[in-house]
Amino acid sequence: MRNGRARKSVFLTGCGFVADLYMRSLASFPDIVLLGAHDLQPDRLATFCRRWKIPAFATLEEAFAAADDKTVFLNLTNPSQHYAVNRAILEAGFACWSEKPLAMAMPEAEALCMLAREKRLLLASAPCSVLGEAAQTLGHVLRHDLAGQPRLIYAELDDGFIPQAPIEKWQSESGAPWHYQDEFRTGCTLEHAGYYLSWLIAFFGPVESVTAASATTQPDKRGVSDCAPDFSTATLFFREGMVARLTCSITASHDHRIRIFTDRGVLELDRAWDNFAPLRFRRRFALRRRLVESPFRKKLRLKGPTHPRVGRTGAASMNFALGPAEMLEALHEDRPCRLTADFALHLNEVTLAIQSAGQWGGATKMTTSCTPMEPMPWAV
């Protein structure tokens, strides 16, 4: 507490590749104060904090002592550490924003949500692109029936033949390398499926069952032999009746499209990792004796301003601070956060079901649930 009132403050733990993306994004919210950062590697911590001119904390306990009761802690550590760090943050009594996944196993994710409920603390996980303009425009169009009744969804999150890319040269702004070994061990489904899954769950509600298969098409990637599946495909059956197909891979050619087939035509968005990617509608009509989709696409827009824009960094043009900013607003306004613990838990379960499906696949009934997300006020 400072000057009798709580600041909109965050603390960052984990100073690897993604941390620089958060720093650039946080800078677009001038009312958010960054208390400092922590990392288990002293050299990396020193380099990161020197680059961004912020205090370095040797331990999380020191950070807890410097924070107030409305500080949000950002867990940007390696996925294998997410559960332990998330738990430490919650046990210390602070709101927690976790990079994806919430945890690597469902019992751990469930334990985190139970702890957050017991302590009445906010808990959420990335990705937060669902709060971005592109996703919110799509949600607005669906809610107001501007393109017809949706019937089927195709979503692609294929990143190209990543192990053949010059990945050793990929570095963040502060010089942190892209830890491809961790990425290959975690798997592209756990890393990327949430970008479209979170949109679909927000708009159509919880997934009732998943029929999926997954495989490792490249067993040995740059010397990493214990790789998670690098390809998955799933048919998602939503409780309210929507059906979607989702594909993830780091083998197939780059394709980040989402297409929603409606009674009137096709809603199309080409870039999942761009908060301002245009949403377009391709009308369907009869031409003589044929049914065709128009070669011309109409751009659909929201009226008025939306959220702060950040420049393109590498493959992404996303504001990574939209989620933490929403959590801070919820804390200071004493209201529910749009990204809830139940939402994160359900997202975690659906993603794990897809990744772990294996060669024989099959149907998996979901045990968790959540409510559809409230739109951002500028997208109502």
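The legends below accompany several close-up views of a predicted model.

Residues are numbered from 1 along each chain as its sequence is written, and side-chain values use heavy atoms, with hydrogens and water left out. Because the model is predicted, local features need a pLDDT of at least 70 and side-chain atom pairs count only at pLDDT 80 or more, while totals for chains, interfaces and linings use all residues.

**View 1. A salt bridge between Glu 156 and Arg 245 joins two strands.** A salt bridge is taken here as a side-chain nitrogen of Lys or Arg within 4 Å of a carboxyl oxygen of Asp or Glu, and the structure holds 23 of them. In the pair shown, the closest N and O atoms of Glu 156 and Arg 245 are 2.0 Å apart. Strands (E, at least two residues) and helices (H or I, at least four residues) are DSSP runs, numbered from the N terminus. Glu 156 has a relative accessibility of 7% and counts as buried, whereas Arg 245, with a relative accessible area of 25%, is partly exposed; buried means under 20% relative accessible area, exposed over 50%, and partly exposed in between, using a 1.4 Å probe and protein chains only.

**View 2. Further salt bridges involve Glu 326 with Arg 335 and Lys 100 with Glu 99.** The side chains of Glu 326 and Arg 335 meet at 2.9 Å, N to O, and here Glu 326 is buried at 4% relative accessible area, while Arg 335 is partly exposed at 25%. For Lys 100 and Glu 99 the N to O distance is 3.4 Å, and both of these residues are buried. Elsewhere, Glu 268, Asp 270, Arg 282 and Arg 297 are linked in a network of salt bridges.

**View 3. Helix α6 is mostly covered.** The helix spans residues 133-143, and nine of its 11 residues are buried, among them Ala 134, Leu 138, His 140 and Leu 142. The buried residues of α6 pack against β7, α9 (194-204), β11 (258-262), β12 (265-269), β13 (279-287) and β15 (298-300). After the helix comes Asp 145, whose phi is positive, near 55°.

**View 4. Cysteine sulfurs are shown for a structure with zero disulfides.** A disulfide is counted when a pair of cysteine sulfur atoms lies within 2.5 Å. The closest cysteine sulfur to that of Cys 49 is in Cys 15, at 5.4 Å, which is too far for a bond, and the closest to that of Cys 188 is in Cys 248, at 5.8 Å, again too far. Cys 49 is buried, with a relative accessible area of 5%, and Cys 188 is buried, with a relative accessible area of 5%.

**View 5. Met 366 lies in the segment after β16 (362-365).** With a relative accessibility of 8%, Met 366 counts as buried. The C-alpha atoms of Met 366 and His 346 are 8.1 Å apart in space, although the two residues are 20 apart in sequence. When neighbours within four places in sequence are left aside, Met 366 is in contact with Val 207, Glu 208, Ser 209, Val 210, His 346, Glu 349, Val 350 and Ala 353, where contact means heavy atoms within 4.5 Å.
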